Amino acid sequence: MSFSTATTIEDFQENLRAVREKMDKAAERVGRDSSEVRLLPVSKTVPEERIRLAIAAGAHQLGENKVQEAKRKHANLIDEDVKWSIIGHLQTNKAKDVAAFASEFHALDSLRVAEALDRRLELVGRSLDVYVQVNTSGEESKYGLEPEVVPDMLNAFKGFESLNVKGLMTLAIFSDDKEAVRTCFQLLKRLRDEARDRDPDLIGPGELSMGMSGDYEIAIEEGANIVRVGQAIFGARSTTDAYYWPGGTTK
Ligand SMILES: *Cc1c(COP(=O)(O)O)cnc(C)c1O
């Protein structure tokens with residue numbers, strides 16, 4: 001896939017419009033209301049000057065994979081109307097930073113991280129919306145809970161007062177095989193539905209955070225409520241995906 005780099009406010013307006021149009025069409029194809037689907041632009045690797053243009057074009061909530069990078073951008077863009085979502089794997093020693101400035105966390109995948117976040121949030125008197133990451137592709141390299149443990153872990157996460165579980169998150173398999181990608185999204189939806197059936201309190205609104213530049217239309221067809229889209233808005237990245245998830249490959 002080729003994505004050209006957005007360098008003006010107009011470029012960003014056009015890219016955001018084009019992505020939203022594809023989102024609307026995908027929702028329409030399966031009879032969903034596109035207002036059920038939120039676009040979360042992902043600004044990782046993009047420097048602050050260009051992020052300002054994206055904000056001016058209407059992107060007021062941005063996803064970042066790495067806490068360190070998000071922390072720097074949060075500080076440098078403190079004058080802007082923008083909130084930050086951490087969407088990548090978290091180490092417990094970074095929980096303090098996430099608790100300090102993030103408005104969402106999309107990659108909760110262990111009790112240790114839940115404990116660390118909850119403790120830090122309590123200290124600063126904040127709460128955090130979280131999505132529980134599931135490994136739906138069976139690839140060893142992917143972060144996230146194994147599907148089998150999701151029910152027990154949702155139960156355990158209920159005990160953390162400062163964490164509001166909003167739903168589930170996944171990364172589909174990196175493959176050109178669209179049906180293999182679709183199967184990952186279907187699994188996440190099934191896990192959400194099963195959790196809801198067991199106990200609606202386990203999973204809040206039960207939102208599904210799934211779909212990226214290469215597969216967000218499929219994700220919406222399969223029930224996504226949040227799509228995390230970087231390159232289709234900001235342009236191609238030079239860092240390979242292996243930097244963000246071990247063993248990852250570029251598409
Ligand atoms: C980078 C990233 C995305 C967006 O990927 P694009 O290919 O830029 O759309 C989505 N989710 C996570 C967890 C990411 O790290």
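Trainee: Why is strand S4 (residues 104-108) described as largely enclosed by the rest of the structure?

Mentor: Buried means under 20% relative accessible area, exposed means over 50%, and partly exposed lies in between, with a 1.4 Å probe and protein chains only. In S4, 5 of the 5 residues are buried, so the strand is largely enclosed by the rest of the structure. Keep in mind that this is a predicted model, in which local features need pLDDT of at least 70 and side-chain atom pairs count only at pLDDT 80 or more, while totals for chains, interfaces and linings use all residues. Residues are numbered from 1 along each chain as its sequence is written, and side-chain values use heavy atoms, with hydrogens and water left out.

Trainee: What makes S5 (128-133) count as largely enclosed?

Mentor: Here 5 of the 6 residues are buried, so S5 is also described as largely enclosed by the rest of the structure.

Trainee: How do you know which strands pair with S4?

Mentor: Two strands pair if DSSP finds at least two bridges between them. S3 (residues 83-86) and S4 have 2 bridges, in the parallel sense, and S4 and S5 have 3, also parallel. Both therefore meet the cut-off of at least two. To find these pairings in the model, look for Ile 86 opposite Phe 105 in S4, and for Leu 108 opposite Val 132 in S5.

Trainee: Which residues does Ile 87 touch?

Mentor: Contact means heavy atoms within 4.5 Å. Not counting residues up to four places away in sequence, Ile 87 touches residues including Leu 40, Val 42, Asn 65, His 106, Met 169 and Arg 228.

Trainee: Where is Cys 184, and is this residue buried or exposed?

Mentor: Cys 184 lies in helix H7 (residues 178-198). Its relative accessible area is 4%, so Cys 184 is buried. Leaving aside neighbours within four places in sequence, Cys 184 is in contact with Thr 136, Ser 137, Ala 172 and Ile 173. Cys 184 and Ser 137 are 47 residues apart along the chain, yet their C-alpha atoms are separated by 5.8 Å.

Trainee: What makes the pair Arg 192 and Asp 193 a polar contact?

Mentor: A polar contact is a pair of N or O atoms within 3.5 Å; within protein, one must be able to donate a hydrogen and the other to accept it, and residues adjacent in sequence count only if both atoms are side-chain atoms. The contact between Arg 192 and Asp 193 joins their side chains at 2.8 Å.

Trainee: Why is Lys 142 called buried?

Mentor: Lys 142 has 7% relative accessibility, so it counts as buried. Lys 142 sits in the loop between S5 and helix H6 (150-157). The Lys 142 side chain reaches the backbone oxygen of Ala 172 at 3.2 Å.

Trainee: What makes the backbone of Thr 45 worth a look?

Mentor: Thr 45 has a positive phi of about 70° although it is not a glycine. Most residues other than glycine have a negative phi. Thr 45 is in the loop between strand S1 (38-41) and helix H2 (48-56). At 35% relative accessible area, Thr 45 is partly exposed.

Notes:
Helix = DSSP H or I, 4+ residues; strand = E, 2+ residues; numbered from the N terminus.
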